[in-house]
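The sequence and structure come first.

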Amino acid sequence: MSIYIDPAVASSLRGFEMPEKLGFGAVMAPVMFRAVCQDGCWSSGELVPYAPLSLDPAAKVLHYAQSCFEGMKAYRTTSAGISLFRPDRNAARLAHSAERLCMPPVPEPLFMDGVRTVTAYCANLVPATSGESLYLRPFLIGTQADLTVSASTSYEFYVIASPSEAYHAGNMRLWVEREDSRAAVGGTGDAKVGGNYAASLLSIARLKKRGYDQSLWLNPGNRQTVDELSGMNFFAVIGGELHTPALSGSILEGVTRDSLIDLARDLGYTVHERAIEIDELLSQVADGTCEEAFACGTAAIISPISVFGDNGENYQLAKAPGAVAERLRQALLDIQEGRTEDRFGWMHPV
Ligand code: COI
């Protein structure tokens with residue numbers, strides 16, 4: 001389908017000044033992609049200047065949280081081209097999240113139109129510094145004005161973009177969250193929905209006061225095994241091998257998680273996807289068997305973990321950042337930024 005380009009897009013892009021300090025998700029590209037769905041029928045998309053949305057105060061998204069999103073990145077490669085990292089995985093995950101919330105999945109061709117068009121028009125906004133990128137945030141919301149608890153009949157799909165540094169650069173101090181749960185068993189833990197992030201905020205506010213950076217969530221059913229962080233998956237290096245929680249239904253299937261598993265195996269590491277008991281993990285940190293741990297995600301890439309705080313005790317990792325995390329981070333960035341061959345077929349030139 002052909003994409004309508006609003007004539008005002010050109011002047012929005014001309015008037016944009018890239019600040020020296022980017023941060024994460026703080027600087028918004030001056031254009032956005034938009035498509036609407038009415039009674040199951042999708043429009044072709046349009047590229048328009050970035051602007052506030054006009055929403056009815058009774059829109060379903062505001063009351064019943066019909067909202068899901070993706071996080072993905074466009075990289076400037078060493079050949080001066082621009083490529084998206086595994087956009088097909090984000091398209092599939094957004095469709096999965098949408099289905100969980102009874103929303104119509106965004107068709108993959110429309111999703112690709114959105115992320116490709118925004119990236120192509122924002123080509124000059126893709127940073128050239130290693131570790132920085134154009135962070136893309138596709139999202140889908142239910143817009144029907146109606147207070148009955150039922151699925152919306154109308155939806156809007158957007159792609160906004162933000163030239164960004166990595167999120168959570170530096171070592172992280174984790175707090176083992178034993179009080180609250182982030183997602184319910186059978187709930188939305190394996191979907192990327194706003195409500196999961198809202199459910200993590202109170203824990204984050206509590207732990208910040210105690211001097212920690214992020215919550216480590218436990219499985220909501222057994223309260224014993226590690227699930228993930230609020231916006232990142234978890235890995236531990238134990239006896240030189242990688243261990244990550246198996247997908248349990250309450251863990252988001254991270255694209256970076258999946259890529260690191262493939263990359264690590266390709267580099268010769270043994271990777272275990274299994275249930276990780278928190279008490280066993282903490283004792284392995286205490287006796288040094290667990291040498292390093294890190295979190296990963298699209299926004300963060302890889303963030304080393306330096307400490308686990310639990311019940312007033314601090315369990316200090318021997319190495320932060322550790323050699324395995326450093327090696328994987330570099331190997332992933334080398335593919336994303338075009339310094340090594342893309343042997344997995346992950347990069348999609350725009
Ligand atoms: C991402 O890594 O892209 C995320 O969505 C995590 C967070 C910034 C919400």
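The residues around the ligand are Gly-71, Tyr-167, Gly-231, Gly-297, Thr-298 and Ala-299. The model is a predicted one. Its protein chain is assigned domain 1 (4-166) and domain 2 (172-337).

**Ligand shell**
- By class, the shell around the ligand has two nonpolar residues, four polar residues and no charged residues.

**Domain arrangement**
- The distance between the C-alpha centres of domain 1 and domain 2 is 27 Å.
- Contacts between the domains involve 25 residues of domain 1 and 16 residues of domain 2.
- On the side of domain 1 that touches domain 2, at least two residues each come from strand S5 (67-69), strand S6 (72-76) and helix H3 (87-100).
- H3 provides the largest share of that side of domain 1, with six residues.
- The side of domain 1 that touches domain 2 comprises 10 nonpolar, nine polar and six charged residues.

**Packing of H6 and H8**
- Helix H6 (residues 255-266) packs with helix H8 (residues 323-336) at an angle of about 105°, and their axes are 10 Å apart.
- H6 is therefore roughly perpendicular to H8, because angles of 65 to 115 degrees count as roughly perpendicular.
- H6 makes this contact through Ser-259, Leu-260, Leu-263 and Ala-264, and H8 through Leu-328, Ala-331 and Leu-332.

Key: Residues numbered from 1 in each chain as written. Predicted model: local features only at pLDDT ≥ 70, side-chain atom pairs only at ≥ 80, totals over all residues. Near = placed C-beta within 6 Å. Nonpolar A, V, L, I, M, F, W, Y, C, P; charged D, E, K, R; others polar. Domains from an automatic or database assignment. Contact = placed C-beta atoms within 7 Å. Helix = DSSP H or I, 4+ residues; strand = E, 2+ residues; numbered from the N terminus. Axes fitted to C-alpha atoms, helices over the stretch in contact; angles between N-to-C directions. Parallel < 35°, antiparallel > 145°, perpendicular 65-115°, else oblique.
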